[in-house]
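Visitor: Hi! Could you walk me through this structure in plain words?
Guide: Happy to. Let's bring it up and start with a single strand.

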4 protein chains.
Amino acid sequence: MPLPRLELYPQFNVTRISHVVLTCRDLDASCAFYGDVLGLVVSRRDHDSAYLRGLEEACHHSLVLRQSEGAAVCKAIGFRVLTDGDLDRAKEFCYRNNIRNEWRETPYQGRTLHLIDGSGSPIELCATMETLPRLMQSFDKFHGGSPQRLDHVQVTAFDIQAACDFYAELGFRLTEYTARDGTDELWGVWLQRKGNPHDIVFSNGRGPRLHHFAYTVPEVRDLIHACDVAASMGCASRMERGPGRHGIGNALFVYFRDPDGHRIELFNTHYQTIDPDDPPIRWDLTDTRRSQLWGLPATRAWFVEATPFEGVEAVEPLLQADPVTLETFLANQM
Amino acid sequence: MPLPRLELYPQFNVTRISHVVLTCRDLDASCAFYGDVLGLVVSRRDHDSAYLRGLEEACHHSLVLRQSEGAAVCKAIGFRVLTDGDLDRAKEFCYRNNIRNEWRETPYQGRTLHLIDGSGSPIELCATMETLPRLMQSFDKFHGGSPQRLDHVQVTAFDIQAACDFYAELGFRLTEYTARDGTDELWGVWLQRKGNPHDIVFSNGRGPRLHHFAYTVPEVRDLIHACDVAASMGCASRMERGPGRHGIGNALFVYFRDPDGHRIELFNTHYQTIDPDDPPIRWDLTDTRRSQLWGLPATRAWFVEATPFEGVEAVEPLLQADPVTLETFLANQM
Amino acid sequence: MPLPRLELYPQFNVTRISHVVLTCRDLDASCAFYGDVLGLVVSRRDHDSAYLRGLEEACHHSLVLRQSEGAAVCKAIGFRVLTDGDLDRAKEFCYRNNIRNEWRETPYQGRTLHLIDGSGSPIELCATMETLPRLMQSFDKFHGGSPQRLDHVQVTAFDIQAACDFYAELGFRLTEYTARDGTDELWGVWLQRKGNPHDIVFSNGRGPRLHHFAYTVPEVRDLIHACDVAASMGCASRMERGPGRHGIGNALFVYFRDPDGHRIELFNTHYQTIDPDDPPIRWDLTDTRRSQLWGLPATRAWFVEATPFEGVEAVEPLLQADPVTLETFLANQM
Amino acid sequence: MPLPRLELYPQFNVTRISHVVLTCRDLDASCAFYGDVLGLVVSRRDHDSAYLRGLEEACHHSLVLRQSEGAAVCKAIGFRVLTDGDLDRAKEFCYRNNIRNEWRETPYQGRTLHLIDGSGSPIELCATMETLPRLMQSFDKFHGGSPQRLDHVQVTAFDIQAACDFYAELGFRLTEYTARDGTDELWGVWLQRKGNPHDIVFSNGRGPRLHHFAYTVPEVRDLIHACDVAASMGCASRMERGPGRHGIGNALFVYFRDPDGHRIELFNTHYQTIDPDDPPIRWDLTDTRRSQLWGLPATRAWFVEATPFEGVEAVEPLLQADPVTLETFLANQM
């Protein structure tokens, strides 16, 4: 039975996805893309870093961009824990489980514990972060997609079961999952702590790599407006997929690639899932509705391209799957 | 029988409402209100005039603001005619009907004929106007309510029948009207040339005065966003009525007062009405659904305050009506 | 200092608002209103009870209607706790604090503990409830306002400090509050467990009484559509307030009264608030933006009318306040 | 110079696109698709015909479906003329120009003149049609995409210049057009009488065939809701293209294929174009923004499949073009 037991009393209390740290080759270009086109707020900007947040976020940053010469990578995925005590318990957890970890001084964040998760991805935990005013009532600042807050990240992993087990032990709840038809082989897992479908998602593939991170937008109209504004500002080619509706999570989505190829999803429409008696929703691997309730499949690039983690080598997945890509779909139509 | 005969072959061809010319006491304040808050485009601005248009308009202006020391007034309501020949035919029409008129040199417009209409209001006709690029695909410039185009004006008139007869002779079609219950006494008339419910509306009241002019916005969301942005920019008190839905015209509306008290409506949702066999829709005066399908009635101010026309004295209406105002409605609830 | 200490480790784990139990005099009329007009889903209906839920809810019910001859009352406000063990700890908590309580057999719910909260209101706790399929992807069933889930309740209370202290001890976080200018006298408190602005709100007034309960809708468009559909179905007079935007909670709202006078809010646009370092937002009592960022104030009825709790006598509030009602606002305009 | 002279005083007055007459093999299936899924109103249904209209339309029908055993065809495209006198002038026009035509008795329409247009397509003209109440304020009947009215048709034609010249002589205005880069070879023409971008469009291709007909929907949300409802009702595979935004006409669009393969577009966002001094907008054939401001190109099927006209043989186009299809686009990405 591969579905993890629901851990109601985990060893330390992760509360939510917090932030993503990316490198970029041209900080100006990246700030223009995320700020001017998509509509994120630049909380702070210095010569080699930019800190951005959504319009409703009180935390100092949910997206950190660090200028770098080399290939663009993801340096870490950040989570919040409830208290400083939870950080100490996380440290103990790493010790007991022989997990590589270290304290890292991190600007604008309280004590920050850096560690490697069960998928091999670098994550960092903190209990506090500098706060700034929420701009959700500065409606005159809404533009582009008017992104409100970071909602989740998706990671391609070579061993979904291992990734899932790791997070399940930390109290993450499985809300939806994809399994090969007629088997229990997990192909994708949607895991959450904050009461909606996902804080982190793992999908089967060469990994670990960061597939995308996602911000919520208020309405369908904002999602389409983000596309229109991108087109008006010469960024239409940065749209990679959508608009479409995922069966999983019920999200109306659009995916963009930033100037370094990092993938960002804008979406709306999550649902609340708090009760332990909510059963996880299973989707068969062959049911294309999980990826699109309607519309064309994603291109091959959407399936195979992703952002490397800094210093982490990606490996081929244990389970081999052939997703229905737009290319194979069209080939089958002829 | 007060309903005008449908004149399919009028003596000259008015095609649509074109523009409104207002005076203001502080041009900066007015431009900030119409441009920064509501989202109109400033086509041109000089030391004592500003020309604005909606995002989709190719014409140079649909709103002209002229700085002036005195009381804020409306200098003219502008209509387009199809060709220059129609201007000459309009001139003849005035001559035959003993209507005061004159040619007036008007910046950015072709030959312009100024005349007094059947309600006593100053109107001007032109066949051409300088054009500018439509900005409807400059989505990055959409803000506030993202107003698209001038749609109609409403005038309070002391003799609705006379006003209606004048425009009917010019080929304006009556699409909807209000009449005192059980009678043919016209209390309000919705008249159009361009194929939707109204180019000009006359409502019974001390007049002639300009009650409001109205721009279309793309969606419900834009209407609400205009309210939100107004509040964010310290202009919440400029909202006078709404959001609500008119029964007449089926418009979802919000009314603002500009810094000089001129009233502007933002609305969406008009319908197409082109066929001569579309019957006009009658609303009884006591049916409050004509003014609001739902929501509270308008305040007394909405009913009695309006913009004077330059050099025109307003007089009391022939028909006396007691509209259901918010004040009387609440008094009756107690 | 009246602001409660943030209790991170409460004695038992309440996870979210769960449901509201109301009586009604005509079950058919109530089901028509909530189901056909507003768009809630009827999960089950028998001769004297109806169980309804929002389109995305997996729980059997979030609104229970029980036919009754007498005056319409609220029988209980329901909360979920995480586990059955939390129910036992809640029982101990009542015992230690001398709180009236009892186990009550309740259809479709697991063990249910009924008790009286710090405001004198009857509440009930359960850890499990029968589940049904979420209908969030049955888009063909969306109609009216397409309400998605119960989000919060508001209770008028005679002693806000006492109500606040009670819930703070149970780990509810204060997200926003109203206080008399220059003082610490709490006039309204917004309290939450589920990570957005509110599960339960207490406002100063004759109480305890249920002021309203609120369902989220997906978009601005759904909110306006609910108004339009209500008007189309002859229920325009059931709209009591709005559409408008609350400063507190940033909700775009509409309030309806059901056939028995119970008040229901439809709204969208909450924000996420999970981190203990998010500071509560203070609103001065005289700042009318807290109640409406824009638009007219609520009528007096909105402030003084509410649903009695079954068997609970409402008493006058300790603090006397004179809210700005629409009536007083208009009187001051003249 | 291929752009037609603007004919301001045509020989008879066509006012707007009116209706489309299609055959189908299963009337129940077609009515379910257009009525239950997309949201059109069935005005009348008998054993072998169904008459449908949009929610705001007062005319009896804008879509006629006739059950037929053979291959599904389009029997006629209908236009309205202003008066019965215009029908007689149309008859004279046909006589003078040696155009095949005949009077045809047509249910629910006044006198109807059937003729062959300059593209070889069968069209019919009428001045009157039975009217029915507009349902635009029956908001409880809005569902699917809530289509409001027929807006335009698109025809693939083998000789665009000839088609364009024919309609230009009838007073149709060219609003936008596609031409081979650096030449005047017309590849597509957008022609209108009713004051927005198009009543009829001709695009280069094997023809004449009916490429699609299009209904307006109120908002972006309705367009997406149509997709969602289609998916909920098992019709996701009927979506052929979109959602996307056309550069030409600025329409946000979705294309569906009905059970017989007839193509219907739902879209919003047209603009007003009434003034003769509005210049037509030119798009170079190689500018893919004309077809999609953003998003992927259309599939090959969208370019080559269309509905035959009854009794009309389609022929290859005079000008050969290779559109950028999704298939060629993807092939070039590799």
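Visitor: Is strand β5 of chain C buried or exposed for the most part?
Guide: This is a predicted model, and in it β5 of chain C, residues 74–81, is mostly covered. Seven of its eight residues are buried.

Visitor: And how many bridges join β1 of chain C to β5(C)?
Guide: Seven bridges join them, and the two strands run antiparallel. β1(C) covers residues 14–24. To spot the pairing, find C:Val20, which stands opposite C:Ile77 in β5(C).

Visitor: What about β8 of chain C, does it run parallel or antiparallel to β5(C)?
Guide: Parallel, with four bridges between β5(C) and β8(C), residues 122–126. Look for C:Gly78, whose bridge partner in β8(C) is C:Glu124.

Visitor: OK, switching to chain A. What is the strand order in the open sheet there?
Guide: The order is β2-β3-β4-β1-β5-β8-β7-β6, eight strands with mixed pairing.

Visitor: Which strands are at the edges?
Guide: β2 (41–45) and β6 (101–103) of chain A, each of which pairs on one side only. From one strand to the next, the twist averages 25°.

Visitor: Back to β5 and β8, but in chain A: how many bridges do they have?
Guide: Four, in the parallel sense. One pair to look up is A:Arg80 with its bridge partner A:Cys126 in β8(A).

Visitor: Last one: which strands does helix α1 of chain A lie across?
Guide: Helix α1, residues 27–38, lies across β1, β2, β3 and β4 of chain A. Its direction is at about 160° to β4(A).

Notes: Residues numbered from 1 in each chain as written. Chains lettered and ligands numbered in written order. Predicted model: local features only at pLDDT ≥ 70, side-chain atom pairs only at ≥ 80, totals over all residues. Heavy atoms only, no water. Buried < 20%, exposed > 50% of the residue type's maximum accessible area, 1.4 Å probe, protein only. Pairing = 2+ DSSP bridges. Axes fitted to C-alpha atoms, helices over the stretch in contact; angles between N-to-C directions. Contact = heavy atoms within 4.5 Å.
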